[in-house]
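Here's a chain to walk through together, one piece at a time. Have the sequence and the 3D view open as you read.

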Amino acid sequence: QVQLVESGGGVVQAGGSLRLSCAAEGSGFSCNNMAWYRQAPGKQRELVAIITRSGGTNYPDSVKGRFTISRDNAKNTMYLLMNSLKPEDTAVYYCNADVSMAATLRNYWGQGTQVTVSS
């Protein structure tokens, strides 16, 4: 079984930075695509950044140029560096990963970590 463990959330002032981490814990698996999503109250969950196993990345316009996703395959860990944070970035941020275990591919979600950007 695989568990995605997130850390790094908190409260930061507008213009500040925050770094989130997501560690995939367990054994007998490998991660393919990994991604960060976020969900603000009353809004749909949205993709923040995605990274392939080989390091290819994609971002929506809302965070492009401010957020950077990265991963360390040896540690089964993904990161999100958030710079120039805005109040509209306030949301619960979720780690997501496509996980290959034996002959099956499963999608996992972390529990979420709160990011609050004050004005």
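In which sense do E9 and strand E10 pair, and over how many bridges? E9 and E10 (residues 104–109) run in the antiparallel sense, with six bridges between them. Strands here are DSSP runs of at least two residues, marked E and numbered from the N terminus, and two strands pair if DSSP finds at least two bridges between them. One spot to look at is Ser-100, which stands opposite Leu-105 in E10. Together E9 and E10 make a hairpin with two residues between them, and in that turn Ala-102 has a positive phi of about 55 degrees.

A quick word on what you're looking at. This is a predicted model, in which local features need pLDDT of at least 70, side-chain atom pairs count only at pLDDT 80 or more, and totals for chains, interfaces and linings use all residues. Residues are numbered from 1 along each chain as its sequence is written, and side-chain values use heavy atoms, with hydrogens and water left out.

Now for the inside. A nonpolar core is a set of buried Ala, Val, Leu, Ile, Met, Phe, Trp, Tyr and Cys residues joined through side-chain atoms within 4.5 Å; buried means under 20% relative accessible area, with a 1.4 Å probe and protein chains only. The largest nonpolar core has 32 residues, and Trp-36, Leu-80, Met-82 and Tyr-93 touch the most other members. Strands supplying at least two residues each to this core include E3 (18–25), E4 (30–39), E9 (91–101) and E11. E9 gives the most, with six residues.

Next, the cysteines. A disulfide is a pair of cysteine sulfur atoms within 2.5 Å, and by this rule there is one. Cys-22 and Cys-95 form it, with their sulfur atoms 1.9 Å apart. The pair links distant parts of the chain, Cys-22 in strand E3 and Cys-95 in strand E9, 73 residues apart. The torsion about their S-S bond is about -70 degrees, so the disulfide is left-handed. Both Cys-22 and Cys-95 are buried. Cys-31 is in no disulfide; the nearest cysteine sulfur, that of Cys-22, is 7.8 Å away. Cys-31 counts as buried because its relative accessibility is 1%.

Finally, find Thr-113 in strand E11 (residues 113–118). Thr-113 counts as buried because its relative accessibility is 13%. Leaving aside residues up to four places away in sequence, Thr-113 touches Glu-6, Gly-9, Leu-20, Ala-91, Val-92 and Tyr-93, where contact means heavy atoms within 4.5 Å.

Notes. Helix = DSSP H or I, 4+ residues; strand = E, 2+ residues; numbered from the N terminus. Buried < 20%, exposed > 50% of the residue type's maximum accessible area, 1.4 Å probe, protein only.
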